[in-house]
Amino acid sequence: MSYNQDVVFLCTIKGTLNGLLKQATREDLNELLSTDAGREHFLNRLEIKEMNEIDVVEAVQDASLDA
């Protein structure tokens, strides 16, 4: 048996973006992260060096588990 759960958390990630065509600005990264395709592109190139969990903001139980 396996379960799914939607979770929102706040964290700090330090890493390197590999394979970019040019140096990205803050605005470029915000635009990239504003779409599903952009987030996938970003995550495929992100090499995480360090990640610190700050806080779990929300953990929502999947509605299918209420039955």
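**Ground rules.** I am working with a predicted model, in which local features need pLDDT of at least 70 and side-chain atom pairs count only at pLDDT 80 or more, while totals for chains, interfaces and linings use all residues. I number residues from 1 along each chain as its sequence is written, and side-chain values use heavy atoms, with hydrogens and water left out.

**The largest pocket.** How much space lies in the largest pocket? I found about 230 Å³, where a pocket is an open set of points on a 1 Å grid over the protein atoms alone, with a 1.4 Å probe fitting at the points and protein on both sides within 12 Å along at least five of seven lines. The volume is the space filled by probe spheres set on the points, which are joined across faces, edges and corners.

I then looked up the lining, meaning residues with an atom within 4 Å of a point, and noted among them Leu17, Leu29, Leu32, His41 and Arg45. Helices α1 (26-32) and α2 (36-45) are the elements that give two or more residues to this lining, and α1 gives the largest share, four residues. Helices here are DSSP runs of H or I with at least four residues, strands are runs of E with at least two, and both are numbered from the N terminus. By class I noted six nonpolar, two polar and four charged residues in the lining, with Ala, Val, Leu, Ile, Met, Phe, Trp, Tyr, Cys and Pro counting as nonpolar, Asp, Glu, Lys and Arg as charged, and the others, Gly among them, as polar.

**Salt bridges.** How many salt bridges does the structure hold? There are three, each a side-chain nitrogen of Lys or Arg within 4 Å of a carboxyl oxygen of Asp or Glu.

Lys22 pairs with Asp28, their closest N and O atoms being 3.5 Å apart, and both residues also line the largest pocket. Lys22 is exposed at 58% relative accessibility, whereas Asp28 is partly exposed at 28%; buried means under 20% relative accessible area, exposed over 50%, and partly exposed in between (1.4 Å probe, protein chains only).

Asp36 and Arg39 meet at 2.3 Å, N to O, and both lie in helix α2, three residues apart, about one turn of the helix. I listed Asp36 as exposed at 61% and Arg39 as partly exposed at 33%.

Lys49 bridges to Glu47 with 3.1 Å between the closest N and O atoms; Lys49 is exposed at 55%, and Glu47 is partly exposed at 37%.

**Two pairs along the chain.** I compared two pairs by their C-alpha atoms. Asn44, in helix α2 and exposed at 57%, is 39 residues from Gln5 in sequence and 23 Å from Gln5 in space. Thr12, in strand β1 and partly exposed at 38%, is 39 residues from Met51 along the chain, with 5.7 Å between their C-alpha atoms.
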